[in-house]
Amino acid sequence: MSAQQNPAQRVAIGISFGNSYSSIAFTSGEGRAEVIANEDGDRQIPSILSYVSGEELHGTQAKAQLVRNPRNTVAYFRDFLGQEFKSIDPSPCHQSAHPVPQESTVAFNIRDTPEEKENTVTISEITTRHLKRLRNSASDYLGKSVNSAVITVPTNFSDAQKEALNKAAKEAGIEVLQFINEPVAAVLAYDARPDAKLADKIVVVADLGGTRSDIAVIASRGGIYTLLATHHDYEVSGFQLDQVLIDYFAKEFMKKNKSAGDPRENERALAKLKLESEAVKKALSIGTSAAFSVESLLNGIDFTATINRSRYELLAIKQIAAFTRLVAHAVEKAQLDPLDVSEIIVAGGNAHTPKVASALSAAFPETTKVIAPSTSPTAINPSELAVRGAAIQASLIQEFELEDIEQSTHPMVTVTPHLSHAVGVLCISGEESHGIFHPIVDAETPLPVRRSAIIATPKEGGDVLIKLAEGARHIKVTKPEPKPKEEKEKDEDDSDEDEDESEEEIREKTWKVGKILSEAALRGLQKGAKVEVQVNIGADLSVNAIFREVGGKGGVRGILQGQKGVNGSA
Amino acid sequence: MDTVQIALPLPVLPEGWAGEKDFKAIGSLSQATDRNIEPVGPHFLAHARRKRHKRTFSEDDRIQAQANVKKVEDDDAGEISEPEDPLLLQREAKDWKTQDHYAVLGLSRYRYKATEDQIKRAHRKKVLKHHPDKKAAAGQAQDDQFFKCIQKAAEVLLDPVKRRQFDSVDEAADVEPPTKKESQKGNFYKLWGKVFESEARFSNKQPVPKLGNENSTKAEVEEFYNFWYNFDSWRTFEYLDEDVPDDNENRDQKRHVERKNQNARRKKKTEDTARLRKLVDDCLSLDVRIKKFQQEERAQKNKRRTEKEAEQKRLAEEAAKKKEEEARIQAEKEAAEKAAKADSKKAKEAAKNAAKKNKRVVRAAVKEANYFHGAGDAPAAQIDSALNDVDLIITKLDNEELATLTGKLNGKTDAGEITTIFQEEVKRLLGAGKLKDGEAKSLS
């Protein structure tokens, strides 16, 4: 397959390639992203390849082989790509084929041919085979041969890893149009919905994946996204939630079968426990109770048990709390306050777990909207967020030449000055001490920017003063009245864990007026008139402001020269 | 981006506030932070476009808007821009068989290339323009002939089967093959390319190979001509059929016309095949590439032949040389053999002579020994037996033994000695088994 496709002949899809699961999506003619189901009917395809007497199994079929044929089953390999053996963490592969060092990369010793002989297959070869299967599934579904894709990667994917992935994709016949960051793809998936409104907001994408958690704080300003902070954790993961269930069921089993021993010490029994626990975890996201049933778990003993959701939530409280702390930590890292966060998008397969979302809602103020299936009925399936974003991006850029895409994603274009303070107007009073600042352009907005605002005027009309100023966000903390608000928390343990202080503080987001930028006057306004203010801020920090009465003629225009070198508090 | 709505009222202008043009610049913005924005989403694309082309917001808005608007206009303007021929407007609907449906709809520059969508839109435009109601409003009552032409044209062109039948006989879409002179003037590929492009519309097999240009490879050219010599055409000539009378009264007449039509179609098809064949023949005969390839091939062949000949010559020379060499060696060998033979003959002769001489000596020695008969004259019988025995011995001896015997006998005159020598010899011969007991009695 040639590296460069003619843009007109491109069939582009979005691929989300995760450690545990991968998915593929395309954008239909109406501009809606649709996730493609593979031959097994799965939309989340396990990133697992298994070899049984030379036959390659993929996805769910391969996952089932983790019990019977773990040594020839390759799983959880995404993070190894483009890494040296000494820098990888092989622990997720404990129950599948073990990674081995090979030259400067990682490989697996597996029997991938009918012969009784182990072959060394490099990580890039495995990735190529995996991507090839994904590509075939997409091609079968679309009826057209897919030849290019946008692939999502974690924000901390290095250039070497991207390069390795690019190479593996090329081997699989896929031209990578662009790598995009998973959290940004998730935000894009929400923003690309037809009913989505463009707003300036701070979004936290909390991705609780199978082997790792990634938190990203993103400033979304008029549809342009800037990563403010990221946080990665390899300890807090979906596996931990599985582990909780594994431990629970193992103990239950031992209680019932005293002589049988610990199923966790038997490799096969552990694999069965693990698979079933994951299934139970998924079932508990939908129903309030789930049945655990494994035939011949250990020594030929069948085991069945049931668990309800509250017990599971109780068992997993530590892990979920750790996840909530991670999110809070990431917000702190971005030098923001929880009040600044307008949305938390919970992504990743474990976002289905209702407790994860409710714990986040409890930890963040009410103004923060937590978007997860359990809190918002219109939420997009959190497992499909990244891939939908990738598919949308693919449809946006597929008609461009590769060179064009490269130039547009070059640091020359992407590195942009961002406002360090919000710019807005003073309302009610022109005095700095009395006036109330209202932002027009928020902090962290990439420049150049153009925004307009419509502002009310005094009832009687007349002459008004328009003062443009910089504003700093300020968190006002007030001690509450003796009688604190009754929390709706039903879980005693939960409130004990989080809030030990008896009196809660009330925190409010306010603005402090900073530097005054300009003053302008509009004279002779009619009664009930409104004033339109348009602010253009250039990349050189010059401000071009236009003030006029809505529906009126004329207006005032003013220019502030950009002064590089004036050091603010940035 | 939505505008920010601020409900709080603006402050009243304080007394005595004044500024140049009602504006006072006071401060400037704080230093900005450089950050990477994520290259994702439609708004980033707009940002990248502005940044790369160094446009401001309003410029970009304007250019984008213009680009979008222009596209719509182009689409609309396309089909109707053809001026209508006044003669065409006067056509009668009953002559629809001879009308140019594409021209009626204003699609004569698209013809068989017109898409269904184009036809539909062109039809709609024409209907809007020539609707009888509009004519009636303009005072031309009952003039719906051209409208009927339009309807008929749409009926034919929007039905895939009828459209094919019409396209089959649409001579206006044909491109006349250039004359010999024209094609030799230099634009052979351009002129003939157009001809084949137009003929290609009848092909069942798509895509049709292109004529190419002077740089086409031999395989390409061969593929082209092979394709056209085995052309698979969907062209039919039903459209030119004579009307079949549909009255039920005269069956024979009906069948006769049908048969006539069938024959006419077949004949036209054959003619068309022949025409195409001739066309390809003409093109082939004028195609300089064929000559070029032939020349190249000939040159190649010549080269190969000369190489082969040179090789053969070299081989022949080598063979001749080898043969000569062999002959020389043979001659030498023969000469040597001859010499050797002559030598051996001489030696033999000498040996013979020597043997003769030796025999003579031996016989003389016998005589010397008085025929082994003690003293006195030997009787005749004794002489005979002695001589016979000695002859026997001589025959049994080879030349060398004879020579040694001779050597022993030479100079011996004593009868006893000679006898002893003979007896020893006989003994030796007996020992060697050359003589049998009882032979050479006289000497034992």
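Q: What is the size of the largest nonpolar core, and which residues have the most contacts inside it?
A: The largest nonpolar core has 53 residues, and those with the most contacts inside it are Phe249(A), Phe323(A) and Ile344(A). A nonpolar core here is a set of buried Ala, Val, Leu, Ile, Met, Phe, Trp, Tyr and Cys residues joined through side-chain atoms within 4.5 Å. Buried means under 20% relative accessible area, exposed means over 50%, and partly exposed lies in between (1.4 Å probe, protein chains only).

Q: Which helix gives the largest share of this core?
A: Helix H5 (residues 238–256) of chain A does, with 8 residues. Helices (H or I, at least four residues) and strands (E, at least two) are DSSP runs, numbered from the N terminus.

Q: And where does the core lie relative to domain 2 and domain 3?
A: It lies between them, because domain 2 (194–235 + 324–380) and domain 3 (238–315) of chain A both give residues to this core. The domain bounds come from an automatic or database domain assignment.

Q: Which residues does Ile344(A) touch, leaving aside neighbours within four places in sequence?
A: Ile344(A) is in contact with Val204(A), Ala206(A), Leu360(A), Phe364(A), Thr368(A), Lys369(A), Val370(A) and Ile371(A). Contact means heavy atoms within 4.5 Å.

Q: What does the second core include?
A: That separate core of 45 residues includes Ile45(A), Leu49(A), Tyr76(A) and Ala169(A).

Q: Before going on, what kind of model is this?
A: This is a predicted model, in which local features need pLDDT of at least 70, side-chain atom pairs count only at pLDDT 80 or more, and totals for chains, interfaces and linings use all residues. Residues are numbered from 1 along each chain as its sequence is written, chains are lettered from A and ligands numbered from 1 in the order in which they are written, and side-chain values use heavy atoms, with hydrogens and water left out.

Q: Now the open sheet: what is its strand order?
A: Its 5 strands run in the order S15-S14-S13-S18-S19 (chain A), with mixed pairing. Strands S15 (224–233) and S19 (369–371) of chain A each have a single partner strand, so one side of each is left without a neighbour in the sheet. Two strands pair if DSSP finds at least two bridges between them.

Q: How do S13 and S18 pair, parallel or antiparallel?
A: Strand S13 (residues 201–208) and strand S18 (residues 343–347) of chain A pair in the parallel sense over 5 bridges. Within this pair, Ala206(A) stands opposite Val346(A) in S18(A).

Q: Changing topic, how much of each chain is buried?
A: In chain A, 54% of the 570 residues count as buried. In chain B, buried residues make up 30% of 444.

Q: How many helices and strands are there?
A: Chain A has 13 helices and 28 strands, while chain B has 16 helices and 3 strands.

Q: What about Glu103(A) and Ser104(A)?
A: Glu103(A) is in the loop between S8 and S9 of chain A and has a positive phi of about 45° although it is not a glycine. Ser104(A), in the loop between strand S8 (99–102) and strand S9 (105–110), counts as exposed at 54% relative accessibility.
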